[in-house]
Amino acid sequence: MAFFFANVWTMYGLVNEAMRDMVVSRQGEACWAEICGRVGVPSTEFVAMQAYPDAMTYGLVGAASEVLATPAGDLLRSFGDYWITFTAEQGYGEMMDLFGKDLLSCLRNLNGMHAHMGVMMPELRPPRFEVTEREGSGVPVVELRYYSKRPGLMPFVLGLLEGLARKFGQKAEIGHVGRASEGPDSPEIFEIRLLA
Ligand code: HEM
């Protein structure tokens, strides 16, 4: 997964730790060590509350894709789903519950939730979401617009949405519609049909 980084942004180590946890629990320690070796990171473990370069996280995804012979998009999608369980296990579950009692209210509150997290994580650079609701063939439909300066994370969001639907026991059809336009700041659009 080759990306050009025009920025020197960082992400909290919690993200790399979640990836480590996912790979180690499914493929084992040796596999994770092989992935880290390819990226040349100084340690196979990360400090959750420390900021690491985005390039490191993208590098880990790229190396995992090679080692596991799985497209990066597929990995990011399962990682999104895994993130929901992982963060709950890491003590963020109650905070998430505070920002949503069901899928719809959680989606409405994603910006508020990340803003709240920014108090504990001052270097957080969260994405931004816009939610529009409408009715479609008798079921509520949510259009979610995802804005981020970070490239290529659309499949991660898809996995997050699937993980959220599972967490709330909400039957839903979740689809990626596309980008609003060609521009670099253009959002990725998702459509979520809330089934009974
Ligand atoms: C309690 C649960 C959550 C925690 C603790 C959390 C925390 C974080 C952290 C630490 C980052 C890395 C960004 C940085 O460090 O600057 C991040 C990124 C991100 N988060 Fe959350 N988050 C949570 C739930 C969610 C949920 C439910 C969504 C749903 C869509 C979401 C969407 C994203 C996306 C898409 C990114 C990637 C960064 C980007 O697009 O620029 N997060 N989050």
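How much space lies in the largest cavity? About 750 Å³ of space lies there, in a structure that is a predicted model.

**View 1. The cavities of the whole structure.** A search of the whole structure finds 2 cavities of 30 Å³ or more. The largest cavity is the space taken by the ligand. The second largest cavity has a volume of about 60 Å³.

**View 2. The lining of the largest cavity.** The largest cavity is lined by 40 residues, and W83, H114, P127, F156 and L160 are the closest to its centre. Two or more lining residues come from each of β1, α1 (13-27), α3 (54-67), α4, α6, β4 (139-147) and α7. With 8 residues, α4 gives the most to this lining. By class, the lining of the largest cavity comprises 32 nonpolar, 5 polar and 3 charged residues. Domain 1 (10-70) and domain 2 (100-194) each contribute at least three residues to the lining of the largest cavity.

**View 3. The shell of residues around the ligand.** The ligand is surrounded by 27 residues, of which Y12, H114, R125, Y146 and S148 are the closest. At least two residues of the shell are supplied by each of β1 (10-12), α4 (72-98), α6 (110-120) and α7 (154-167). Among the elements, α4 gives the most to the shell around the ligand, with 6 residues. The shell around the ligand divides into 21 nonpolar, 4 polar and 2 charged residues.

**View 4. Polar atoms at the ligand.** An N or O atom in the side chain of S148 is 2.6 Å from an oxygen atom of the ligand. At R125, a polar backbone atom lies 2.8 Å from an oxygen atom of the ligand. For W83, the distance between a polar side-chain atom and a nitrogen atom of the ligand is 3.4 Å.

**View 5. The second largest cavity.** Which residues line the second largest cavity? They are M19, M22, V23, V61, A64, L75, L76 and F79. The helices α1, α3 and α4 each supply at least two residues of this lining. By class, the lining of the second largest cavity has 8 nonpolar residues, with no polar and no charged residues.

Terms used
Residues are numbered from 1 along each chain as its sequence is written. This is a predicted model: local features need pLDDT of at least 70, side-chain atom pairs count only at pLDDT 80 or more; totals for chains, interfaces and linings use all residues. Side-chain values use heavy atoms; hydrogens and water are left out. A residue is near a molecule or strand if one of its heavy atoms lies within 4 Å of it. A polar contact is a pair of N or O atoms within 3.5 Å; within protein, one must be able to donate a hydrogen and the other to accept it, and residues adjacent in sequence count only if both atoms are side-chain atoms. On a 1 Å grid over the protein atoms alone, a cavity is a set of points where a 1.4 Å probe fits but cannot get out, and a pocket is an open set with protein on both sides within 12 Å along at least five of seven lines; lining residues have an atom within 4 Å of a point. A molecule sits in a cavity or pocket if more than half of its atoms lie within 2 Å of its grid points. Helices (H or I, at least four residues) and strands (E, at least two) are DSSP runs, numbered from the N terminus. Ala, Val, Leu, Ile, Met, Phe, Trp, Tyr, Cys and Pro count as nonpolar, Asp, Glu, Lys and Arg as charged, and the others, Gly among them, as polar. Grid points are joined across faces, edges and corners, and a volume is the space filled by probe spheres set on the points. Domain bounds come from an automatic or database domain assignment.
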